[in-house]
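Student: I have a structure to read and I am new to this. Could you take me through its contacts and its helix pairs?

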Amino acid sequence: TLRLICTTTAVQRKNVGASGPEKYTEAFIKKQIEEFNLGKRHLANMMGEDPETFTQEDIDRAIAYLFPSGLFDKQARPMMKHPTEVFPAQRKIQWGEDGRPFHFLFYTGKQSYYSLMHETYEKFLNVQKHQDQLIAQDLPLQKEKRNLAGSRWLTKIELEEMLLEKLSDDDYSRFIQLLQKLVALPCADIEENYIQKFSKEVPVQLQKVVIEPLQYDEQGVAFSTGEGKRKSARATAVVYDNGTGKITVNGTDILHYFPVLQDREQLLFPFQFLGRIGKHDMVCTVSGGGRSAQAGAIRLASAKALRSFVTEKEVEFMRQAGLLTVDPRVKERKKPGQEGPRRKFTWKKR
Amino acid sequence: DDKLLTEPLSHPDFFSVKELFTLKDLFDARVHLGHKKGCRHRFMEPYIFGCRLDQDIIDLDQTMQHLQLALNFTAHVAYRGGIILFVSRRRQFCHLVESTARACGEYAHTRYWQGGLLTNAHIQFGPGVRLPDLLVFLSTLNNVFEPHVAIRDAAKMNIPTVGVVDTNCNPCLITYPIPGNDDSPAAVELYCKLFRMTIIRAKDKRRQSEAIEELR
């Protein structure tokens, strides 16, 4: 301990916040677990239930019954949980009774990170030694390429959780560089187990949009369905083959449903793009939104339905033309202090 | 218990440290090679034997004496169960130093030295930390060729230091300097081997003495 020599009262006051969050000894946590188990049995006896088969849900229900609380915050109400959930998983005190720390890199400050670097470097040296031995015996070095495309390294946050220690970005990048150097060696297969602890599988994100095959109704006519939306309008369209170009919306013809030319043009756009104006019939249902929104929704639905009739190249052309993309534009909200979403109040000089 | 602690102090070389190394060993490990004349530090001049083709040669007789004193001191510290911290900022030997420390059961610090490690320990580590009782420097300079911060901090905290000082180092604040080469892998491996053997010897002796005391 430090001897106090000529200090002021300000220095003698204990700096409460400086020591960081309170650290718990292992004995303390063990005692808490024993107390928790005892309390669980007492609670089961109180509620008249079997102490052996008293689960965490039973505990929660019992506590909610015995200590009713009207507080809004769930975490402010009385709760009885296992100590491992209550006390955060952090480092217990790192040294024994005689004061000697347990870990040989304790005095560096970041013991788990530096011990990780030490171990990884040791594996690196092992692989190099093995490589040298193979070269000395004139044996060929293994050239099986690791599949780098399907895996990624752990993120900084995941590594922090693994080590229970804060890392800086620089530390993390150094560790990843060391791992990459290790993997780059030809004989890295020896330490495959160790490397796998730090790599994760990345699910193949290319979810190819499945184009549904054509369905056939009773007369043998091919048809396919599609769904579309625009603003708050939702539409479903059924496109039939061998048609005359008739389009029915909610039971009525498009001339009656959409009096405005612009909406009808929107409906016909996918067919005009593919050059199949007179070849398909369409029956659609639409609800919600306004006049223009419903037209946009039906356009998207019909384009999606037409994908089944058409080659992949033409599907790509449709996608590039923007026929298959959902229009994300919706009404922007009004902000306080302004008259509309963008319009500000009139500025008066005085 | 008192007898255990006072008995080794009566002998000049209780742990027979002189047998661990000879002058030929030091020479073969190239401990006598220093840096060039231009890099010479003023306070290292007493330890330098001479200069050959602009390269300084360290006097191995003095090195022998200093090494014997230093090893004896580390052995006594290890015998009394003290915490020994190996410090070196050379990237080449970082792994070697850490493995040596692990083999002895002592501690190592071959990474970036955070400012308040020794002087602000109670806040960095928590209340009730025990600071190292001996600092062993395998290389006194850090990566920018300046004296390591730990030398000054150990002097502030009254912690004795043992350090290998090369011809461009400042041996002032080190309690047991060992003039010698700190750049060649052979020299550093020799130092690691010597420290490891002394510490293990001292700890074994302690365990034997305790066992003998308990038998009585």
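Tutor: Start with buried area: the accessible area (1.4 Å probe) that two parts lose on being put together, summed over both. Between chain A and chain B it is about 2400 Å². Carbon and sulfur atoms give 58% of that. This is a predicted model, where local features need pLDDT of at least 70 and side-chain atom pairs pLDDT 80 or more, while totals for chains, interfaces and linings use all residues. Residues are numbered from 1 along each chain as written, chains are lettered from A in the order written, and side-chain values use heavy atoms, without hydrogens or water.

Student: Which three residues supply 35% of the area that chain A buries against chain B?

Tutor: A:Arg100, A:Phe104 and A:Tyr107, more than any other three residues. Contact means heavy atoms within 4.5 Å. In contact here are 23 residues of chain A and 30 residues of chain B.

Student: How many salt bridges does the rule find across the interface of chain A and chain B?

Tutor: The rule asks for a side-chain nitrogen of Lys or Arg within 4 Å of a carboxyl oxygen of Asp or Glu. It finds 1 across this interface. A:Arg100 and B:Glu106 join their side chains in a salt bridge, 2.9 Å from N to O.

Student: How do I describe two packed helices?

Tutor: Give the angle between their axes and the distance between the axes. Helices are DSSP runs (H or I, at least four residues), numbered from the N terminus. Axes are lines fitted to C-alpha atoms over the stretch in contact, and angles run from 0 to 180 degrees between N-to-C directions. Take H5 (residues 111–136) of chain A and H4 (residues 94–104) of chain B: about 110 degrees, axes 11 Å apart.

Student: What word describes how H5(A) and H4(B) lie to each other?

Tutor: Angles under 35 degrees count as roughly parallel, over 145 as roughly antiparallel, 65 to 115 as roughly perpendicular and the rest as oblique. H5(A) and H4(B) are therefore roughly perpendicular. Residues in H5(A) including A:His118 and A:Tyr121 meet residues in H4(B) including B:His95 and B:Arg102.

Student: At what angle do H10 and H11 of chain A cross?

Tutor: Roughly 15 degrees, for H10 (residues 261–274) and H11 (residues 291–306), with axes that come within 8 Å. The two are therefore roughly parallel. Among the contact residues are A:Phe269 of H10(A) and A:Ile298 of H11(A).

Student: And where do H1(B) and H7(B) meet?

Tutor: B:Lys3, B:Leu4 and B:Leu5 in H1(B) meet B:Arg206, B:Ser209, B:Glu210 and B:Glu213 in H7(B). The axes of H1 (residues 2–10) and H7 (residues 185–215) of chain B come within 11 Å and cross at roughly 135 degrees. These helices are therefore oblique to each other.
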